[in-house]
There are 2 protein chains.
Amino acid sequence: MREIAIIGIGQTVIDEHWTSSLRDLAVEAVVNCLRDAGRDQVDGLYIGNMLSGILGQQESIGSLIADWTGLRPAEAVKVEAACGSGAAAFRLAIQAISSGELDTAIALGVEKMTETKGSDTTAALAEAADADFETMHGVTFVAINAMIMQRYMHEYGWSHAQFAPFPIVAHSNALNNPYARLHEEIDVNTYESARIISSPINLLDASPIGDGAAAVYIVPVESINKGNRAKKMISIAGSASATDTLAVHDRRRVTGLAAAQKSAQSAYSQADVAPKQIDLFELHDAFSIMAVLSLEACGFVEEGQGPRLGLDGEIYPGGKIPIATLGGLKARGHPVGATGIYQIVELVQQLRGCAGKAQITDAKVGMAQNIGGSGATVLTHILKVK
Amino acid sequence: MREIAIIGIGQTVIDEHWTSSLRDLAVEAVVNCLRDAGRDQVDGLYIGNMLSGILGQQESIGSLIADWTGLRPAEAVKVEAACGSGAAAFRLAIQAISSGELDTAIALGVEKMTETKGSDTTAALAEAADADFETMHGVTFVAINAMIMQRYMHEYGWSHAQFAPFPIVAHSNALNNPYARLHEEIDVNTYESARIISSPINLLDASPIGDGAAAVYIVPVESINKGNRAKKMISIAGSASATDTLAVHDRRRVTGLAAAQKSAQSAYSQADVAPKQIDLFELHDAFSIMAVLSLEACGFVEEGQGPRLGLDGEIYPGGKIPIATLGGLKARGHPVGATGIYQIVELVQQLRGCAGKAQITDAKVGMAQNIGGSGATVLTHILKVK
């Protein structure tokens, strides 16, 4: 397999972009990415997106965005794996390069969730659950996660307040990220007094939707002129994906993420690293409970003890395993199909040492985990400073 | 790049399946495919589908179908490129194998277009056009193709009746395909008296929608025990994709398919063949005009002269370039995201010599071309008997 490096990143602010369409956001992220990479063409464009068809009445966004970004006639497709769409697109871009067929690729994540033409966004997001066996009973995507959190609290004896560090660290870190959706410091009192969305999940357990796009440019390491590099070279050391049942009730254990564990183990093995060597972890904190389960599945703490990492301060910058270092889904925002690429862009910012006040000291190895459905499709990527 | 072979195929009848859901159709095709391949597991599942989110209120079908087909925890994603989704999934499966990361993959195409939960199917299909600059004016997908056909007839002086051989050969060939949607012989009189859908396109210029699924199982050639093969080995000799503008009015020429030409040239070059060495061509006859433009773009006839191939009988079995040998989109049916995989399955049937009464004598090299949008995303694949 060809060794692959990320040579360019680009992103938009995540917000309610009332005057930017999906294609506008894609163009902004891709143009920023091309400029950072110092390129103006690409062989292939892999687009993570979940909702363009449902909310924007627009499919075929592969060719659409290839054209509007000036990359036509590059090959281009849309990839969908619910909230895991972004990392799924990244993984396909990696395989396209490692196959030797393409020499350059862009993985783009883009989502337009506000100011939409189609059905309401909550109903659209519920399409990430099983339509015939979950959604038809009226359950929303938040409600599914609420049932998982309730069961977890019951099984392991944690109180709601003990999850507070997860949104608190995300909001704190987002203050240093100009691209983040939210810039509001919170504390345990703010957290505990937030209104309930679907008990026990309250507003501050849940990540905000938003409009945004992020892109990365990848090439084989062998193609890079090493004498002439302005930036640190960031290489892809591990890439893995696995699936679990889509319907949560079909799982043997609803409080564990089997696919997260499997994809993390594969990525560790490829990268030849153990959890203790990971300097920062951009995890999928769509809900506080998902942050906890992701940390457990990836071996940072034993089952049922995830909240301990928060209470002990280990998830903060300087801790054992800093998470959501630029705000995470919770505060950077969660434009669903774009999120997986935002995570990769942020890892690159950290590994290049260009994360400003959010910089994790001496970051050399970073991991991202992107989760589609409530643990149904999980992708794990490990990046290293080369 | 690893040389890749197709060792299993599976498909469902294309029909209005009133008692089968999208997942049921997927299971039937995948189970048939696994049985044909003599396998029961796979490393990766690549699913071509356009409309599950819009019509079925179900995204995340990667993990859903991996689970329901018994392939969990295999990695799985949905790939969308409008009517080109099937071949786009096939190409990604190929790259996953040729990267060396996966050793086995299934490319599945599946579409459920009747008995749906969501919006009406014509509106959903219009999402293959540019929502902001075409669809918002009320144009349907058929109407866009009608404008292309009108312009072509005007530029090159063909009458509507001169397109008759395209639907006639498709309907004739479909009589020998038990999986086909339509089994009705037609002639030039039937064709000319069919009711107008969007002038000059009439009912018999347009392919029927339908529910269906088709799957292929691929592995590296090096992994096959050559002493122990019951079937001919079919290898993938060429795979290419290219894009054009999504909005037809943005093209320099609306009567030529630039992306079809580019992807065909790449595929020819990879396979080291010329058009005259192609024994059969499963082309994208979603509309009669698209069959004509595809034949021209792929070099089987000069620009503006496509109808000549039909009038001279060259597109029939035994002709210079037999097309739609098992019915094509026109009569086998066009379950949009599944179509590209049906084309590959049919090529394998022909190259194995298992196409029954539809068999093209001595078929050794076959080509398939799958078109998303009105020429926006075009994928070309060439298969050979090895």
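**From the core to the interface**

Mentor: Start with Ile218(A). Leaving aside neighbours within four places in sequence, Ile218(A) is in contact (heavy atoms within 4.5 Å) with Ile4(A), Ala5(A), Ile6(A), Phe90(A), Ala93(A), Ile94(A), Ile97(A), Asp103(A), Thr104(A), Ala105(A) and Ile236(A). This is a predicted model, where local features need pLDDT of at least 70 and side-chain atom pairs count only at pLDDT 80 or more, while totals for chains, interfaces and linings use all residues; side-chain values use heavy atoms, with hydrogens and water left out. Residues are numbered from 1 along each chain as its sequence is written, with chains lettered from A and ligands numbered from 1 in the order in which they are written.

Ile218(A) and Ile218(B) have the most contacts inside the largest nonpolar core, which has 78 residues. Such a core is a set of buried Ala, Val, Leu, Ile, Met, Phe, Trp, Tyr and Cys residues joined through side-chain atoms within 4.5 Å. Buried means under 20% relative accessible area, exposed over 50%, and partly exposed in between (1.4 Å probe, protein chains only). In soluble globular proteins, nonpolar side chains tend to be buried together.

Now the interface. In chain B, 59 residues are in contact with 59 residues of chain A. The buried area is about 4600 Å², and carbon and sulfur atoms give 48% of it. That area is the accessible area (1.4 Å probe) that two parts lose on being put together, summed over both.

Next, charge. The rule finds eight salt bridges across this interface. Each needs a side-chain nitrogen of Lys or Arg within 4 Å of a carboxyl oxygen of Asp or Glu. Side chains of opposite charge can pair when their charged atoms come close. Take Arg91(B) and Glu75(A): their closest N and O atoms are 2.7 Å apart. Glu75(B) and Arg91(A) also form a salt bridge, with closest N and O atoms 2.7 Å apart. Glu75(B) lies in strand β3 of chain B and Arg91(A) in helix α4 (residues 85–98) of chain A, so this pair joins two chains. Both Glu75(B) and Arg91(A) are buried.

The elements that give two or more residues to the chain B side are α2 (52–56), α3 (61–68), β3 (75–80), α4 (85–98) and β8 (234–243). Here helices (H or I, at least four residues) and strands (E, at least two) are DSSP runs, numbered from the N terminus. α4(B) gives the most, with seven residues. The chain B side divides into 27 nonpolar, 16 polar and 16 charged residues.

Look at α3(B). Seven of its eight residues are buried. Among them are Ile61(B), Leu64(B) and Ile65(B). Gly70(B) follows α3(B), and its phi is positive, near 80 degrees.

Finish on Thr243(B), in strand β8 of chain B. Thr243(B) counts as buried because its relative accessibility is 3%. Its side chain reaches the backbone oxygen of Ala74(A) at 2.7 Å. Beyond four places in sequence, Thr243(B) touches residues including Ser63(A), Ala66(A), Arg72(A), Pro73(A) and Glu75(A). Within its own chain, the residues touched include Ala259(B), Ala376(B) and Thr377(B).

Methods:
Ala, Val, Leu, Ile, Met, Phe, Trp, Tyr, Cys and Pro count as nonpolar, Asp, Glu, Lys and Arg as charged, and the others, Gly among them, as polar. A polar contact is a pair of N or O atoms within 3.5 Å; within protein, one must be able to donate a hydrogen and the other to accept it, and residues adjacent in sequence count only if both atoms are side-chain atoms.
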